[in-house]
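Hello,

Here is the structure I promised to hand over. Please open it first, then read the notes below.

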Amino acid sequence: MSPRPGFVLEVDRSTPPTLFMHGNGYRLEHLPVGSRIVYPPEPLPVVRDIDGAIRDALLHPVDSDPLPALLFPGMRLTIAFDDISLPLPPMRRPDVRQRVIEAVLDLAAEAGVDDVHLIAALALHRRMTEAELRHAVGDRVYDAFAPRGLLYNFDAEDPDALASLGETSQGEEVEISKRAAESDLLVYVNINLVAMDGGHKSTATGLASYRSLRHHHNVRTMQHSRSFMDQHRSELHSSNWRMGEVIRNAGVKIFQIETTLNNDTFPKPFDFLQKREWEWSLRDRSSYLASTKALARTPDRVRRSIFQSVLAPHNMTGVNAGDVEAVHELTTAKVMEQQLVHVEGQADILTLGLPHICPYNVHSVMNPILVMCTGLGYFFNLYRRRPLVREGGVLIVSHPTPWAFHPVHHPSYIDFFEEVLTETTDPLEIEKTYEQSFAEDEWYRHLYRTSYAYHGVHPFYMWYWGAHALQHLGGVIIVGGDAKAVRRLGFKPATTMGDALEMASDVVGRDPSLTHFHCPPLMLAEVT
Amino acid sequence: MIADALHGRRLLVTGATGFLGTALVERLLRSVPGCELVLLVRAGRRSTPQRRVQREVLRNDAFDRLRADLGDRFDEEAARRITVIAGDVGMDGLGLDDAGRAALASCDVAIHAAAAVAFDSPLDRAVEVNLLGPTRVAEALRSAGSTAHLVSVSTCYVAGNRRGRAGEVAVFDTPFGPKPSWRDEVAAARRARADTEAESRTPPLLARFAKEARAELGAAGIPLLASRAERFRETWVAHTMVEAGRARARALGWPDAYAYTKALGEQALCETRGDLPVTLVRPSIIESALAEPRPGWIRGFRMAEPVIITYARGLLKEFPGIPEGVVDVIPVDLVVAAVIDAAARGPKPTPAPAIVQVASGSANPLRYRHLVDMVHDWFSQHPLYDAKGQPIVVPRWSFPGRGRVQHQLQRAVRAIDLAEKALGALPLRGSQARWAADLEERRAEASRALDYVELYGAYAETEAVFAVDELLARWSTLDATDQASFGYDPGVVDWDHYVTQVHLPSVVEHARVRVTPGSRTGPSRSQRLRDRVLAPERHLAAFDLENTLVASNVVDSYSWLATRRLPPDERLRFALRTLAEAPALLALDRQDRGDFLRHFYRRFEGAPVAQLEEDATQLLSHLLLTKSFPAGIRRVRQHRRLGHRTVLITGALDVVVERNLAPLFDDIVCARMSPQASRGDRGGPRWNGELTGAPPTGEARAQAMADYAEAEGLRLEEAVAYADSASDLPMLEAVGFPVAVNPEIRLAAVARKRGWLVEQWSKSPGGPRPLLPIGPVTQRTSFARRPAATAAVAERGRDR
């Protein structure tokens, strides 16, 4: 039976309450009659012989010679791979990156290549720990390369490890990993979870330094990316594509391998979280009841570790290798096949239930800035053509938004929250006044390089990610959040969904239309 | 006319900086324009007598009226009419120089108003000032060849604890009570001082003071503990002398040392005055002015005022007193007028000195119950407000006996003491230390109440009625003008009006208490202190590490490093073993932090240098950052942004802090360990577990700070220091702007007393909370598992 496509439900009297993810928990809410709920398509089937499909892609690439033809003894080969921010939640072992890297290494070994480096392409994200690297590339690869210093995290602040490749037609500096730039072949191993990922963004962003990133990670770019999930209308992608051209013209040969996953997000017995509520079985209902009761009695810290230990059952639906642009076109089509849902018309109110995880809090805590980024950055932008909510409409987000930060992963976030957001929440003002001092701060640089901290400038990018939504929306309400933290973000706290709807009526009037975006599992709304 | 009688006269006044003296000087300047004044004033610690008169007398608000009258001429007039001479009534010959003696000789009248008025003065001090003071003034006058009229201010309470009428007669001119010799009492008081000083230096007491100092400050380093112990000794001496004074006074039938020494002082003066004409003026309890210089004027918080305010704050649940008894209160301006009248009138032609009592008890009695009711009602209508802005309800007294009140309070103080000791033995810090603060505050309140009861209770229970026949006789001879401008008839005081309209508003105005409801506006005290700490003028900020910036200690970091390479089962065993040792380590730490560190760092003996350095970089993420106080780290960075030099001064090891925290600080001062020379060849150098110098703890930390400041050309007065424990006191005391971070109980107490900024910094709520400080699993061996030699062998084997 082929999976059912996405679906828009109109709430009537018989509709059961709707599931909202709520951080390290979930709740059921009654939405007003007439509201619409957007459900994602069901998971696509997984490729049956994954290793075979990978090998086939490497041997029959798109617009490129087969990989073996690109490999020769004495060459410098660099394999870069996506970091801990992908996929979400982390997938069960073996990770698809491990499978791809092992296949590439097998071919390299056959070709007699012995100068191989593996680099976690983390740009300004935190370094991956040993355990995380082992999970991504597998123990065999880790033990063979890491002890000899051949498997490592990219360091965007090591001046000796960066190469400047010139500027784009628009004056954007391109500075990426020197090892990657000077290799005879760069193989990029990607996981394309959402439409934003992959393509030239893989190398031009994942292996780039702040000097390069600041040209597209800024407020102007974000406000002109409508949305950044739609690469044809995204200034973010235009800039990355320009940079990709510079990289190609500089003679860097890239063999891009992109994989796509289905949206099978929650393992049993939590799989009810991705079912449509009226289809919940008796077991699903009792799972919901039992788990919500148990979670309510569990301390935050324990609840967080339960959720952070969730490994998703999602797996590979496709793999393409070869030329960056040609590969990415195929990949994007596959992502759309899994995620695209057609929605007619915009609503006055958009409601979202944010889950426990976003790309930047794996094995960590979703701090208030990440709540803003996930809600107004990622989820809001999961659209093509038009946002789900009309201009001047209200976004209602359900998330506990705790006043909590990971002291190792997010030190600059804490200071951003305490020193910047207390002064202003205006992205342009923040960019103008504060970005440089955080970006060039020695302490943050030290923590990024030697500890496991996101770069000093990273919280700014999180804020910019929401800049388009901030510009578009007439108000943001967070349900069930820490009131002080929510106010610090510049949003309004509400205790219940009912209160939030009541508050929203100040902006959108007494009889608003409402769309609930039932995500996760991930989807992309095509709004006509 | 009084003003005419004193026209062209020079008057010597002692005690001009006191309550009565200030009023006297003001009144003489304003109401007797023809007189000149010679003020005998003691030099202050840092200021000359002239300066003291300028600042402490002429700038007092008593002179506001005169300033308004004279306008610009005030200073000129004051300079013309006032001569200040340096002198001390506690010294023989008053400590005068030739100029002083000449000025003294030129006086026609001497008003002696200097006294040690505290009821709890040490015995010898009260004796020197109150008992010998009048005699010394008389002696100085006579030896200067003066025959000036000496008006000596005494007190009604020289009559002692008697019941019934106390007349205006010489102290011993009564059939009751003992008649001690004042000379014997002086000798005994001086001997008591010498004996007490000697006793305070005996080994058992010195040991006790040292123990108390340690209990208060912990391992604060020898110099600081020594000076604290010396302070305890001085306090003990003072306390013993106070007790001696009170005991002696009570033994002889006086309520306290003040009345007792004043009584003997009168006696001594009468015996030694020779031909010098003397008038004794004895006021009762002097309180705020009825009318002059303005209603309610008062200087200093003296006797009834602190009791009233403490009551109004709801802290005096009970107070002794005889409800139908008389509280003999007299407004200051009445006393001033009576003194000036005595000066103008000249001596009595009789051989015995004239004695004038200025009191209200017999002419216009104020009953104790009436007073208490008025105070209660007034504060019910005009309540003070607590810190939250709620009105404070004042209690109603039931007038139990003094013994009972005292007993209850003593029991309360003892109970709180016990609880405080119990709490002090626990290793509390941060917000938990606030329990101790609450307890300490309550003990302070209870013991203050106890003090008041012990000191002033007798005055509320006095049953003597002071005769004012002489006063009234003098009053009746005054003409109408003098009666109008120098009123001292106690009968004119309308007590209801005086207490509720004059005195209480004035007391409340002078006390720094909240009289408006609602919460405070404007920045909080902490915020103001913080702003000062973060002012651009500061130029050096020193930080302790453990429990100031990071919720961790040397035991944690050692344990982490040691277990980093142990297999899981042994890691747990190791951590538990270290935990079991914790109490012993804690005790050693309390004894002396330097010793503790040395003892502890010895455990690193044989640890391979390279391995430790490699592991220490991991320690940054796993321990230092995980347990960091983000607000603390932000503060370091704030200081840096302001251009302040930032220094980390810590007893932690160089390998732990130096590379990991370098970008945060301009400089790092820490404990350093040196590698063993002999084993250097086997598997790289190893640590020998010995420090290369004294670890920067206690006074060494203060010294390190001072050295650093000197080397860098910075001033400690403009420096800020952050630390968490009493062992850091030397460093905190050395700087101009100390900040206590999550202070443990003893430091919290010190910080509170001295008004230091206290910061409560906590770990980030989103971070991991490892239960035990043990490193993550790796496959390599630990230096702590096996003796160094086998570990080295094992490691070499592995490397091959």
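**What I found**

The peptide bond from B:Glu292 to B:Pro293 is cis. Its omega is near -10°. Keep in mind throughout that this is a predicted model.

**Confidence**

The average pLDDT of chain B is 82. A score of at least 70 is reached by 94% of its residues. One stretch needs care: residues 779-800 of chain B have a pLDDT below 50. In the model, this stretch has 29 contacts beyond near neighbours in sequence. Where pLDDT is low, predicted coordinates should not be read in detail. For the complex, the predictor gives an ipTM of 0.91 and a pTM of 0.80.

**Backbone details in chain A**

Chain A has a cis peptide bond too, from A:Arg93 to A:Pro94. Omega there is near -5°. A:Pro94 sits in the loop between strand E5 (76-82) and helix H3 (96-110) of chain A.

Look also at A:Ala123. Its phi is positive, near 50°, and the residue is not glycine. A:Ala123 is in the loop that runs between strand E6 (115-121) and helix H4 (130-137) of chain A.

**Domains of chain A**

The assignment gives chain A a domain 1 (7-43 + 338-527) and a domain 2 (50-261). Their C-alpha centres lie 28 Å apart. Domain 1 of chain A puts 31 residues into the contact, and domain 2 of chain A puts in 28 residues. On the domain 1 side, at least two residues each come from strand E15 (383-384), helix H16 (427-439), helix H17 (442-450), helix H18 (458-465) and helix H19 (467-472) of chain A. That side of domain 1 has 20 nonpolar, seven polar and four charged residues.

**Where the chains meet**

The contact between the chains takes 19 residues from chain A and 17 residues from chain B. Helix H15 (411-420) and H17 of chain A each give at least two residues to the chain A side. By class, the chain A side holds 10 nonpolar, five polar and four charged residues.

**Domains of chain B**

Chain B is split into domain 1 (2-180 + 252-401 + 461-510), domain 2 (196-251) and domain 3 (529-770). The C-alpha centres of domain 2 and domain 3 of chain B are 34 Å apart. Their contact uses nine residues of domain 2 and 13 residues of domain 3. Helix H9 (203-217) and helix H10 (222-251) of chain B each supply at least two residues of the domain 2 side. H10(B) gives the most to that side, with three residues. The domain 2 side has six nonpolar, two polar and one charged residues.

**A helix pair in chain B**

How do helix H7 (residues 123-143) and helix H11 (residues 257-272) of chain B cross? Their axes come within 8 Å and cross at roughly 25°. That angle is under 35 degrees, so H7(B) and H11(B) are roughly parallel to each other. The crossing is right-handed. Residues of H7(B) in the contact include B:Leu123, B:Val127 and B:Leu131. H11(B) meets them with residues including B:Ala257, B:Leu264 and B:Ala268. The contact residues divide into 12 nonpolar, six polar and two charged.

Over to you.

Definitions and conventions:
Residues are numbered from 1 along each chain as its sequence is written. Chains are lettered from A and ligands numbered from 1 in the order in which they are written. This is a predicted model: local features need pLDDT of at least 70, side-chain atom pairs count only at pLDDT 80 or more; totals for chains, interfaces and linings use all residues. pLDDT is the predictor's confidence in each residue, from 0 to 100. Two residues are in contact if their C-beta atoms, placed from the backbone, lie within 7 Å. Axes are lines fitted to C-alpha atoms, for helices over the stretch in contact, and angles run from 0 to 180 degrees between N-to-C directions. Helices (H or I, at least four residues) and strands (E, at least two) are DSSP runs, numbered from the N terminus. Angles under 35 degrees count as roughly parallel, over 145 as roughly antiparallel, 65 to 115 as roughly perpendicular and the rest as oblique. A crossing is left-handed if the near helix is turned anticlockwise from the far one by less than a right angle, and right-handed if clockwise. Ala, Val, Leu, Ile, Met, Phe, Trp, Tyr, Cys and Pro count as nonpolar, Asp, Glu, Lys and Arg as charged, and the others, Gly among them, as polar. Domain bounds come from an automatic or database domain assignment.
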